[in-house]
Amino acid sequence: MTDVIHIKDLEKRFGTVVALDGLDLSVTQGEVHGLLGPNGAGKTTTLRILLGLLRANSGTVEMLDGDPWADAVELHRRLAYVPGDVELWPNLTGGEAIDLLGRLRGGLNQTRRDELVERFDLDPTKKGRTYSKGNRQKVAIVAALASDAELLLLDEPTAGLDPLMEVVFQDVIQQMRREGRTVFLSSHILAQVEKLADRISIIRQGKVVQTGTLTEMRHLTRTTIDAHTATPVTGLETLKGIHDLDASDGRVRFAVDGEHLDAAVKHLGQYGLRALTSHPPTLEELMLRHYGDEVASGGER
Amino acid sequence: MTSTVASPLTDRTIPKSGGPLTGTGILVRFMLRRDRVRLPVWILAIVLFTMASVVALPDLYPTVEDRQARAVLMENPGTRAVSGPGYGLDDYTFGAMLSHEFLSWVVIFVALMSLLAVVRHTRNEEETGRAELVRSSLVGRHSTTTAALLVVVGANVVLGLLMALGLGSLGLESVGWGSSVLFGAATASVGLVFAGFGAVTAQVSESARGASGFAGAVFALAYLLRAAGDMTQVGGGLLSWLSPVGWAQQTRAYVDDRWWPLLLSAGLTVVLAAVAFWLSTRRDVGAGLMEARPGSPNASKTLSGRFGLAWRLHRSSVIWWSLSVFLFALGYGTLATEIERFVSELSVLQEAIAEIGGTVIDAWLSVIVLVFAVVAAVFAVLAALRARSEENSGRAEPVLSTAVSKPSWLSSHLAVALIGSAVLMSLTGLGLGISASQALGDSEMLWRVLGASLAHIPAIWLVAGIAVALFGLMPRATVLVWVVIAYVGVVGWLGALLRFPDWAINLSPLGHTPLLPAEDMVWTPLVVLTVAAAALILVGLAGFRRRDLQSTA
């Protein structure tokens, strides 16, 4: 598999503000890659650099075997983009904006366009100024997804969509993946990335602090165990890698580091297990490891 | 709150007196805070410009004969169309001249200030969604409109008082205090009426642009009615009395000092405000009374590519500018025969015209063409700077993420600026040329005026080039191009009259264009201007290619 996007040691400053501070990232062909981070982490800046709208201060950026800054126009024929904040022309209808953007890119798939308009329940006859935020977003999504672009760059694509539309969006993205297209999307909505992304990069303060599949990341983190036992559990605190232990009347709850899970479960077995639930770390917990105060000391690799 | 069970909490938080006007006082202060620069600038600019023009009168018309020569000009219906109905002509004092000829110009700006301010505080707030935030708090149904009207009424009262004070304090012969107060009141009356129209159109249209445009069109209609009425007979005809602008003029300040026509303006203002309040109860917040018509679900063939987009964005502005320029040019041309007679009787203008050279008509035409050139330059800058607002609003981003390069995107807006301004100058030449050659019975004149107009194109392009260069190199400083426009305007309009030094005139791009048909044609400056414009444009394109895209998002 080849890299569609390859970024190394990317730096971008706005005056004295450092937006990207040595960012490394690679997106493989055919994958859905999620860029996850809080507001202001540098997600939009990264995407704008990939689009050649911003110029990097240093570092190398390669996309589709080209230089996003120098070969912008050539590369743009092969990609489609959905901005995070969609602004439309007040006196153009949504349908006109979709067609125009498609034509500017070099053509759009008419059948798919009509199908997407239908699926997203978009009224293409309304003027840009009358659309709500969610509907403006739909216009941009339809314009991008109706193209035959091999790479999709999506900046918080569903931030304004309702849950039903989000499901439609996820469906369409799965379909894109099956067609072999590469999708690079940013989000601070964890559940969405979790459902869609093959791989995830977590970005914080202009740096990618972790990349991998969700499974790989979970391996690195803690599992929460909730157990009911016949007799009260003792001696757990003596084991390695146990955190946040909370025990009361035959019920015990704790978090355990990935590599010590086996030992902990074996220990519980001695007290007669009646019920056992374990939660893999959610992305919230993954994020907390990187952004939460408690983890400030040990979270970063 | 529809709950019938009054809890202690709701009793405390919702004042019993909460009516449709709750919160008006706070909103007034809020609006004043937001307009603390804008309104004072409008008011001071209008008052100072009027005062400056009045101060120049004794120099321009030093003798009674000069003034009477001017009065004779008012016998022409065309002249009355652009000035006033014609009164006080037997003894054309400075005061008579001031109220008869200036009022019609001053009220254009007063009306604009007022209707824009009302729409800005009402419909624009609703369109952006900020009104929702305000209306969700302790604010009554009619508070926003009431507050906006109070602010604009206040602004007009201040404007009227300052106008009265300013004019009265000049101590000019025949410009007394009492009449100055009437003049100020007449000025403000037009502002009040069009604040009322703004309040009404803000209810009707869903967009602020639409509401301002609608109210502006009503003003244009009022102006045309008055012009038509004043043309029919000296003193104003029936149509003059159908127009709020006509009412203001019929006060005949400094001549007859009639206050009663202002009762009509006051009455109409009250009616308009009442209509606005009534209409606002017939609609939802954020919605207009005019349903937004659905548009085309597909883009037409012409809406394709960057030039298709640029044309679509600039289309209505190009059409309106072209139409207005052509009609005004046509109108000015009809004055050609009067001008000859008028200027021959006026010593000061003769000197100014002698400086330009050629016959009186040629000199006058060359000055008029220059005025239109400044107008076309304003259009060119507005069109070029559209790129800046597209960039700022974030609308450029989706376009530039397609197969459109930054320079080619910028050049699509630039093309409208360059071609559009060339079209405007062609229409100037045609309009002015057709009517002037008709009036003078000299068919040759059409071609000479057309040539004179086209000669200004390189200088206008240079101004557009400055705008583009600023956009490319110093995007945050693009507003500076208005300084260039202001300079070009002042030098162009007043340079010859006020006898500016040569270097000051040469500093203006338009100062290098030969003033055809009065002067002889010289090609060198035109070639130099064109090359300089091209260089600036290339610099701007290269600068934009190299810089980051900026957007507020």
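**Exercise 1. Determine whether the radius of gyration of chain B agrees with that of a compact globule.**

Solution. The radius of gyration is taken over C-alpha atoms, and the globule rule is 2.2 Å times the number of residues to the power 0.38. For 553 residues the rule gives a value near 24 Å; chain B has 26 Å, which agrees. The C-alpha trace of chain B spans about 90 × 65 × 40 Å along its principal axes.

This is a predicted model, in which local features need pLDDT of at least 70 and side-chain atom pairs count only at pLDDT 80 or more, while totals for chains, interfaces and linings use all residues. Residues are numbered from 1 along each chain as its sequence is written, and chains are lettered from A and ligands numbered from 1 in the order in which they are written.

**Exercise 2. State how confident the predictor is in chain B.**

Solution. Confidence in each residue is given as pLDDT, from 0 to 100. Chain B averages 87, and 93% of its residues score at least 70. Over residues 1–16 of chain B, however, pLDDT stays under 50, and the model has three contacts beyond four places in sequence for them; a contact requires C-beta atoms, placed from the backbone, within 7 Å. Where pLDDT is low, the predicted coordinates should not be read in detail. For the complex, the predictor gives an ipTM of 0.79 and a pTM of 0.76.

**Exercise 3. Check the length of helix α9 of chain B.**

Solution. Helices (H or I, at least four residues) and strands (E, at least two) are DSSP runs, numbered from the N terminus. Chain B has 24 helices and zero strands. The expected span of a helix is 1.5 Å times one less than its number of residues. Helix α9 of chain B (residues 143–169) has 27 residues and should therefore span 39 Å; its end C-alpha atoms are 38 Å apart, which agrees. Just after α9(B), B:G171 takes a positive phi of about 65 degrees.

**Exercise 4. Describe the side of chain B that touches chain A.**

Solution. Here 30 residues of chain B are in contact with 32 residues of chain A. The largest share, five residues, comes from α14(B). By class, the side has 14 nonpolar (Ala, Val, Leu, Ile, Met, Phe, Trp, Tyr, Cys and Pro), five charged (Asp, Glu, Lys and Arg) and 11 polar residues (the others, Gly among them).

How values were computed: Two residues are in contact if their C-beta atoms, placed from the backbone, lie within 7 Å.
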